[in-house]
Amino acid sequence: MSVPVPHTAMVLAAGLGTRMRPLTVDCPKPLIEVRGKALIDRMLDPLAAAGVKRAIVNVHYLADQVEAYLNDRTDIEIIISDERGEVLETGGALAKARPLLGDDPILVANTDAFWEPSGAEPIQALAEAFDPSAMDALLLVADTGRTLGFGGPGDFFRHEDGAMTRRGDASSAPYAYCGLRMIRPQLYDNEPIERFTALRVWAPLIEQKRLHGVVLDRFWLHVGDPQALKDAEMWLACHGG
């Protein structure tokens, strides 16, 4: 049984952007532009188009710039989760923001990647595939052969029932995590507000076969460093993005 597109998304914008230096010395990574459009807008735009009403955005590095930039958005309510005093990573960010997330399924989005053609369809597909009786988290994953800026051996295997397992000791895996997922926020009810990654929460879900995946039906661009930014801009110039 699928559920509607969530009204709430957690948008992760607190990272230090270390790999993107020197571009992030004075500019937070989510505000880095790819062909004239900030990375954070390349995620917020499809979220708003899909029907998301409110975005909980965590801030830490150059937080004032991120807050000021987001003040101009009127198509989606922005609520800041202030992490100025501590670096929490993705897991800790969700634990800290838990009181803001409500009890319905939510989306969780990174701000260093996007898909082309752009649009709300992958988000809608995620919601349509989310079955709370069978899963607690549903990841959007890309075929590693349809990516740019992702140089790794892959993150996950996807099984016939949609359940995901990590690459582990295998030399490669066919799917890369796209930086967008749909989750039950109750996963973070008992997690402490401290620095940890989402993998701590995912590990037991994988064992229980309650971490599933949906394959992105378009091209995925990951913008992790200055070379990846140049590559993404060149790809977009060639493909009209």
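**Ground rules**

I number residues from 1 along each chain as its sequence is written, and my side-chain values use heavy atoms, with hydrogens and water left out. Since the model is predicted, I take local features at pLDDT of at least 70 and side-chain atom pairs only at pLDDT 80 or more, while totals for chains, interfaces and linings use all residues. My helices (H or I, at least four residues) and strands (E, at least two) are DSSP runs, numbered from the N terminus.

**Entry 1: strand S12**

I began with S12, residues 175-183, and asked how many of its residues are buried. By buried I mean under 20% relative accessible area, by exposed over 50%, and by partly exposed in between, with a 1.4 Å probe and protein chains only. Nine of the nine are buried, so S12 is largely enclosed by the rest of the structure.

Next I looked up its partners, where two strands pair if DSSP finds at least two bridges between them. S6 (residues 106-109) runs antiparallel to S12 and is joined to it by four bridges. S8 (residues 137-143) also pairs with S12 in the antiparallel sense, over six bridges.

**Entry 2: strand S1**

I found five of the five residues of S1 buried, which leaves the strand mostly covered. In a regular strand the side chains alternate between the two faces of the sheet. Here Thr 8, Met 10 and Leu 12 point one way, Ala 9 and Val 11 point the other way, and all are buried.

For its neighbours, I noted that S1 pairs with S4 in the parallel sense over five bridges, with Ala 55 of S4 as the bridge partner of Ala 9. S1 also runs parallel to S6, joined by three bridges, and there Met 10 stands opposite Val 108.

**Entry 3: helix H3**

Where does H3 bend? The bend is at Ala 95, by about 40°, and Pro 99 follows within four residues. I took the bend at a residue as the angle between axes fitted to the seven residues ending there and the seven starting there.

The buried residues of H3 include Gly 91, Gly 92, Leu 94 and Arg 98. Counting contact as heavy atoms within 4.5 Å, I found that what covers the buried residues of H3 includes S1, S4, S5, S6 and S12. Gly 102 follows the helix, with a positive phi near 75°.

I noted a cis peptide bond between Arg 21 and Pro 22, with omega about 10°; Pro 22 sits in the loop between S1 and S2. The bond from Glu 116 to Pro 117 is cis too, with omega near -5°, and Pro 117 is in the loop between S7 and H4.

Arg 35 is not a glycine, yet has a positive phi of about 50°. I located Arg 35 in the loop between S2 and S3, and at 46% relative accessibility it counts as partly exposed. Lys 209, also not a glycine, has a positive phi of about 60°. Lys 209 lies in the loop between H5 and S13. Is Lys 209 buried or exposed? At 55% relative accessibility, Lys 209 counts as exposed.
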